[in-house]
Amino acid sequence: MTIERVPRKHYPKAEIARRGMALGLDFLGVWLVSSLLGSSNIGIQFVEILVFVILWLVLRVLVPYNNQGQSLGRWAFDLKVLEVEDGQVMGRIPDLLSLVKREVIVGLGALFVSIALSNIRANPTAILLIIPLAIDCGTAFSDAQMRQALHDRYCGTFIVSSRRGYSLDIKIKRLVDNMRRNVRR
């Protein structure tokens, strides 16, 4: 009797642009709702921050945990988050604690971006608050093998392409191609 190795299932790496668009869509939804609840005063709004944090954790932790690793943005761009152990992608979504750790790191950077956007007119140097998120997510460019950002490496997660989703990027490309063809006629 011989033991045969069963090859692991291959999970396609997600393109960085699609990951960025999914993060941007999630951020935009949370930021719009939280900014509607804030006041028009200049400075940091604590109610706005509280609403942002709660919505971020619901959209980026609870929804993916109960929806096969997909938040609204990941669903729109056919992505999902999976667990990584010893450099190998496991076929399961991360546990709740890993998702919370992951999204606290990303959410803190997103919160800084939200504060920067709210205060950019009064204080142009607020744009520097984008730097933590840029550093965190920018490390995915340097990781050619796994394309993991710092929060992915720390929490043992990996973003993969999925067949389950809305395919928003593909639909937008088709719409733009159709518009180009119509303009040329």
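Reader: What makes β1 largely enclosed by the rest of the structure?

Author: Five of the seven residues of β1 are buried, so the strand is largely enclosed. Buried means under 20% relative accessible area, exposed over 50%, and partly exposed in between (1.4 Å probe, protein chains only). Strands are DSSP runs of E with at least two residues, helices are runs of H or I with at least four, and both are numbered from the N terminus. This is a predicted model: local features need pLDDT of at least 70, side-chain atom pairs count only at pLDDT 80 or more, and totals for chains, interfaces and linings use all residues. Residues are numbered from 1 along each chain as its sequence is written, and side-chain values use heavy atoms, without hydrogens and water.

Reader: How do you know that β1 and β3 pair?

Author: Two strands pair if DSSP finds at least two bridges between them. β1 and β3 have five, in the antiparallel sense. Val81 stands opposite Ile159 in β3.

Reader: What makes β1 and β2 a pair?

Author: They share two bridges, again antiparallel, and at least two are needed. Val84 has Val89 in β2 as its bridge partner.

Reader: Why is Asp86 called exposed?

Author: Its relative accessibility is 81%, so Asp86 counts as exposed. Asp86 lies in the loop between β1 (79-85) and β2 (88-89). Its phi is positive, about 50°, although Asp86 is not a glycine.

Reader: Why is Ser167 called buried?

Author: Ser167 has 19% relative accessibility, so it counts as buried. Ser167 sits in the loop between β3 (157-161) and α7 (168-184). Ser167 is not a glycine, yet has a positive phi of about 60°.
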